[in-house]
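This report takes up the fold of one protein chain and the contacts within it. The sequence and the structure are shown first.

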Amino acid sequence: MALKRMDNIGIVVEDLDATIEFFRELGLELEGRATIKGEWAGRVTGLGDQHVEIAMMRMPDGHGRLELSRFLKPRVVADHRNAPVNALGYLRVMFAVDDIDDTLERLRRRGAELVGEVVRYKDVYRLCYIRGPEGLLIGLAQELG
């Protein structure tokens with residue numbers, strides 16, 4: 001059996017509403033919200049009886065999603081949001097944008113902070129990392145030419 005697609009990336013957050021609004025500003029669409037709770041869900045995650053609010057954000061092209069989760073039970077036990085770029089494990093999500101300067105301006109109004117600087121990679125891309133809501137590391141790439 002062959003791999004069909006990458007369905008979604010999951011990100012755990014504290015403020016679900018603010019994170020939804022940030023990703024809406026970036027251009028993702030809210031596909032839906034739900035509350036997941038019960039022992040059945042914990043059998044998938046290994047967390048036992050759990051209670052989680054989720055929001056599924058869809059990419060504008062319809063391919064790929066971000067699943068934003070806010071755990072009510074059990075409580076969050078680790079925080080990787082402030083890990084440096086060279087830390088092991090999940091690092092960042094990279095988005096292709098039409099205009100990196102305009103995107104940065106809009107996201108700064110929602111609290112985004114530039115990590116380093118906007119750089120040019122050959123004549124191919126302008127790239128940067130930002131810290132979004134709750135310190136999430138997000139990459140932005142603008143194709144040139």
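The sections below go from the overall fold to the strand pairings, the helix packing, the salt bridges and the backbone.

## Overall fold

The model discussed here is predicted. Its secondary structure consists of three helices and nine strands, and along the sequence these elements follow one another in the pattern β-α-β-α-β-β-β-α-β-β-β-β. Taken along the principal axes, the box filled by the C-alpha atoms is roughly 50 × 35 × 30 Å.

An open sheet with mixed pairing is formed by four strands, which are arranged in the order 1-4-3-2. Strand 1 (8-12) and strand 2 (29-38) are the edge strands, and because each has a single partner strand, one side of each is left without a neighbour in the sheet. From one strand to the next, the twist averages 20 degrees.

Within this sheet, strand 3 (residues 50-58) and strand 4 (residues 65-73) run antiparallel to each other and are paired over eight bridges. Ala55 has Leu68 of strand 4 as its bridge partner. In general, the strands of a sheet pair through backbone hydrogen bonds, in either a parallel or an antiparallel sense.

## The pairings of strand 8

Strand 8 (residues 125-131) is joined to strand 6 (residues 113-114) by two bridges, with the two strands running antiparallel, and here Glu113 stands opposite Arg131 of strand 8. Strand 7 (residues 119-121) is likewise antiparallel to strand 8, to which three bridges join it; in this pairing, Tyr121 is found opposite Tyr125 of strand 8.

Strand 8 also pairs with strand 9 (residues 137-143), in the antiparallel sense and over seven bridges, and the bridge partner of Cys128 in strand 9 is Leu140. Strand 8 and strand 9 make up a hairpin with five residues between them, and in its turn Glu134 adopts a positive phi of about 60 degrees.

## Packing of helix 1 against helix 3

Helix 1 (residues 16-26) packs against helix 3 (residues 100-108) at an angle of about 160 degrees, and the axes of the two helices are 9 Å apart. Helix 1 is therefore roughly antiparallel to helix 3, since angles over 145 degrees count as such. The crossing in which helix 1 passes helix 3 is right-handed.

On the side of helix 1, the contact is made by Phe22, Glu25 and Leu26, and on the side of helix 3 by Thr103, Arg106 and Leu107.

## Salt bridges

How many salt bridges does the structure hold? The count is 18 salt bridges. One of them is formed by Arg58 and Glu31, whose closest N and O atoms are 2.9 Å apart. Because Arg58 belongs to strand 3 and Glu31 to strand 2, this pair ties together parts that are 27 residues apart in sequence.

## Backbone geometry

Most residues other than glycine have a negative phi, and most peptide bonds are trans.

Which peptide bond is cis, with omega about -10 degrees? It is the bond that joins Lys73 and Pro74, and Pro74 lies in the loop between strand 4 and strand 5 (93-96). The other site is Lys122, which has a positive phi of about 50 degrees although it is not a glycine. Lys122 belongs to the loop between strand 7 and strand 8, and the hairpin formed by these strands has three residues between the strands.

Terms used: Residues numbered from 1 in each chain as written. Predicted model: local features only at pLDDT ≥ 70, side-chain atom pairs only at ≥ 80, totals over all residues. Heavy atoms only, no water. Pairing = 2+ DSSP bridges. Axes fitted to C-alpha atoms, helices over the stretch in contact; angles between N-to-C directions. Parallel < 35°, antiparallel > 145°, perpendicular 65-115°, else oblique. Left-handed = near helix turned anticlockwise from the far one by under 90°. Contact = heavy atoms within 4.5 Å. Salt bridge = Lys/Arg side-chain N within 4 Å of Asp/Glu carboxyl O.
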